[in-house]
Amino acid sequence: MKRTMVALMLALVMALYRAKRLQVKSDVIANFTLIAIPLSLILARGVFCLCRMVDVMDYGVSYIFQLTSGGYSLMGVVVAVLIAALITGKINKICCLRVLDSVIPGLLMALAVARFAEGATFNGM
């Protein structure tokens, strides 16, 4: 968990640095972060539970809300990031591609750190 938080902080720092280079306001990155993190958790868990519908049927609907058992889907996170970029673009009246251009390198670095940490602890994503 600590490594994931370090990875997210690294992603935020990289996104803010890249946004400064691309002349995107730091408020845009803050808005994106506040939208993307909860949306990613919700969609990642939702996609995981859809793919593991047998477990949901065996353990009941409460399995969806047991966040420590089961897992999360990376595809749900990708969709959530795209939706968060669209929402952030609409809120700040800029192109969503500029938002994505600012945050994607940091998100890829965070993914790499998180995947390395999972390999070191023998936990899967």
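Visitor: Which residues form a nonpolar patch on the surface?

Guide: In this predicted model, the patch is formed by Met-5, Leu-8, Ile-37, Leu-41, Leu-67 and Tyr-72. Together they have about 530 Å² of accessible area.

Visitor: What makes these residues a patch?

Guide: A patch takes residues with over 30% relative accessible area and no salt bridge, and nonpolar side chains are joined within 5 Å. Met-5, Leu-8, Ile-37, Leu-41, Leu-67 and Tyr-72 form such a patch, so they pass that rule.

Visitor: Which elements give two or more residues to the nonpolar patch?

Guide: Those elements are α1 and α2. Met-5, for one, is found in helix α1.

Visitor: How many helices and strands does the chain have?

Guide: There are 5 helices and 0 strands. The pattern along the sequence is therefore written α-α-α-α-α.

Visitor: Why is the pair Arg-18 and Asp-101 called a salt bridge?

Guide: The label needs a side-chain nitrogen of Lys or Arg within 4 Å of a carboxyl oxygen of Asp or Glu. Between the side chains of Arg-18 and Asp-101 the N to O distance is 3.0 Å, so the pair qualifies under the 4 Å limit. Side chains of opposite charge can pair when their charged atoms come close. By this rule the count comes to 2 salt bridges.

Visitor: Where in the chain are Arg-18 and Asp-101?

Guide: Arg-18 lies in helix α1 and Asp-101 in helix α5 (residues 96-121). The two are 83 residues apart, and their pair links distant parts of the chain.

Visitor: How do α2 and α4 pack?

Guide: Their axes are 7 Å apart, at an angle of about 150°. Helix α4 covers residues 74-92, and α2 passes α4 in a right-handed crossing. Among the contact residues are Phe-32, Leu-39 and Leu-43 of α2, and Val-77, Ile-83 and Ile-87 of α4. By class, the contact has 17 nonpolar, 5 polar and no charged residues.

Visitor: What is the crossing of α1 and α2 like?

Guide: The axes of α1 (residues 2-21) and α2 (residues 26-51) come within 9 Å and cross at roughly 145°. The crossing is right-handed. Leu-12, Ala-15, Leu-16 and Ala-19 of α1 make the contact with Ser-26, Ile-29 and Thr-33 of α2.

Visitor: How many residues of each class does the contact of α1 with α2 have?

Guide: It has 5 nonpolar, 2 polar and no charged residues.

Definitions and conventions. Residues numbered from 1 in each chain as written. Predicted model: local features only at pLDDT ≥ 70, side-chain atom pairs only at ≥ 80, totals over all residues. Heavy atoms only, no water. Axes fitted to C-alpha atoms, helices over the stretch in contact; angles between N-to-C directions. Helix = DSSP H or I, 4+ residues; strand = E, 2+ residues; numbered from the N terminus. Left-handed = near helix turned anticlockwise from the far one by under 90°. Contact = heavy atoms within 4.5 Å. Nonpolar A, V, L, I, M, F, W, Y, C, P; charged D, E, K, R; others polar. Patch = residues over 30% accessible without salt bridge, like charges linked within 9 Å, V, L, I, M, F, W, Y side chains within 5 Å. Areas by Shrake-Rupley, 256 points an atom, 1.4 Å probe, with all protein chains shown as cover.
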